Amino acid sequence: MEEDSVLERHGGGAEPVVRLVNVTKRIGKRTIIDNLTFDVPPGEVFGFLGPNGSGKTTTIRMMVGLMRMTSGEIYIKGRSIRTEFEAAVRQVGAIVENPEMYKFLTGYQNLVHYARMIPGIGKRRIDEVVELVGLSDRIHDKVKTYSLGMRQRLGVAQAILHRPSLLVLDEPTNGLDPAGIRELRDYLRHLAKHEGTTVFVSSHLLSEMELMCDRVAIIQQGRLVDVRPIRRDAGAEKLEILFEVDRPDTASEVLDGVVLRTESGGIVVTAGREETADINARLVAAGVRVYGIRTVTKSLEDQFLEVTGGGRIG
Amino acid sequence: MADFLNLVRNENMKIYYRVRTWVMSAILLVLPLAMSIIGRFVDDSPNMWSYVMLESGLMTMLLSIFAVVMAADSVAGEFSNGTIKLLLIRPWSRNKILLSKYLALLCYIVLNLAVFFALTLLLNFVLFGGGDSGSSIPSGWSPFGYVTAWYGLNLIEMAVVATMAFMISSVFRSGGLAIGLSIFALLGSGIISSLLSLIDKPWIDYVLFMHFGLERYLNAGELFRGHSLGFSLGVLAGYYVLFLALSWYVFNRRDVAS
């Protein structure tokens, strides 16, 4: 059974870009990462979510070979990061925590430095990337004169220089202003959509992940809690709708059986677009005064707190 | 192979695009120039070779210190600046990345020593002319032969000390510790070796500090504790290999968590 499913995945067009198989990291007696297993499908922006200290950065460091696994295996495009490091990491571009560059070199010299480490990256590609991240005006200045936002751009530039299939970003929005965050978000979605780059991005900023990602994995205390897709097509499905009314009890009677729960000042039902209108009509016809109708979608934040059980730091 | 040279070029870039590298080299250039020119006007009976030896003694000491600074920064600097993370996620094994750093360091030492060797000979020849070596060169040596041998032995010592700094830098990721310990070994070896000499046990013959100051062996008949040059070189080679092995072992296994 196991083998079959592996073969199937390799045979299909959608082989996962990253596969973590029973990844465990122990430091001394402490288990930092506990048996983590999940796949990252290609062409998605994949969020990696967890409270501080949950093991996000450790996992990312193992993915790019900066840390060793105690046991388990990580494959990048089918290559083991442990035994085929060079072939595996060739597919990866990354910023691990802050994009620290050589401050005494110019931005351009920094890029030349990284370009030299991979064959086939010429001056043209460097110029192209510089243009892409919008650093053309300042690229020949020393990095020590750069603002944090500019360093972040340079960080992205070095990460995409060799056209990686997988872009790994650890807390990329740290220290960016709202405009910078928005720009980065748009850019990552562009990479995933138009260049087919798989983006693996970690954060503890839930709202950010919600806007950026197609799918999120949630970890807590080194364990995988859940992997779930983020719904973008909210209009098509049934949602929980709150009707603000003057007499919730009467409203429940009127809508016999439909009501999910009664709250102070209102009732909650599960309904699609048309049903919402119907319910409203029935309530009004029955003389119930309706003050407001709104959806009570659970934000990722609520889901996150629900599954991680609050903000315990592991 | 050409690819690997790119790594060395990168390391060279990180050495030679820094102001401090050129400040150090400027010091190595200006000091002997000043010493010789002042000597030219003050010294009653100037002698080319005595100036060559005087300046060489001082400058190799300085260059050793600069080499230790470079070696200490080579690995520890990448860790303290966080740049090590971006360096190690390239399709190169850690072995090769460390090797490129080490080769760039050795190149820096050899280049500086060679330039200085040529400079001091040329400078003092121009200022003082060839002439008799007087008492500055031990009898039995041609002046040029002696100076060349002297530089050769100093190069070996410098390589050992710089490798020690490189090892500490790699093992402890602390540039300060690497600089401190290595300069202590460099400057304190004389005191330590004379202290150790008081202990009359055979193991002290294998202590690193007993074997610095190799140029002693060039003065014929002055055998140190009955050792030969070959024995001292052998002990230094042993430490050298040990330092390299430790550097590579730790660098390869290290979890980059900073």
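Visitor: What is the strand order in the open sheet of chain A?

Guide: Bear in mind that this is a predicted model. The open sheet has four strands, in the order S2-S1-S4-S5 of chain A, and their pairing is antiparallel.

Visitor: What makes S2 and S5 of chain A edge strands?

Guide: Each of them, S2 and strand S5 (79-80), pairs on one side only.

Visitor: How do you know that S1 and S2 of chain A pair?

Guide: Two strands need at least two bridges to count as paired. Strand S1 (residues 18-27) and strand S2 (residues 30-40) of chain A have seven bridges, in the antiparallel sense, so by that cut-off they pair. Looking across, A:Arg26 faces A:Thr31 in S2(A), while A:Lys25 sits opposite A:Ile33.

Visitor: What lies between S1(A) and S2(A) in the hairpin?

Guide: Two residues separate the strands, and A:Gly28 in the turn has a positive phi of about 65°.

Visitor: How many residues of chain A are in contact with chain B, and what makes them count?

Guide: The cut-off is C-beta atoms, placed from the backbone, within 7 Å. On that basis 26 residues of chain A are in contact with 23 residues of chain B. Helix H3 (85-89), strand S6 (92-95) and helix H4 (107-115) of chain A each supply at least two residues of that side, and H3(A) gives the most, with three. By class, chain A's side has 15 nonpolar, five polar and six charged residues.

Visitor: Which domains does the assignment give for chain A?

Guide: Domain 1 (15-229) and domain 2 (234-300), with C-alpha centres 43 Å apart.

Note on methods. Residues are numbered from 1 along each chain as its sequence is written. Chains are lettered from A and ligands numbered from 1 in the order in which they are written. This is a predicted model: local features need pLDDT of at least 70, side-chain atom pairs count only at pLDDT 80 or more; totals for chains, interfaces and linings use all residues. Domain bounds come from an automatic or database domain assignment. Two residues are in contact if their C-beta atoms, placed from the backbone, lie within 7 Å. Ala, Val, Leu, Ile, Met, Phe, Trp, Tyr, Cys and Pro count as nonpolar, Asp, Glu, Lys and Arg as charged, and the others, Gly among them, as polar.
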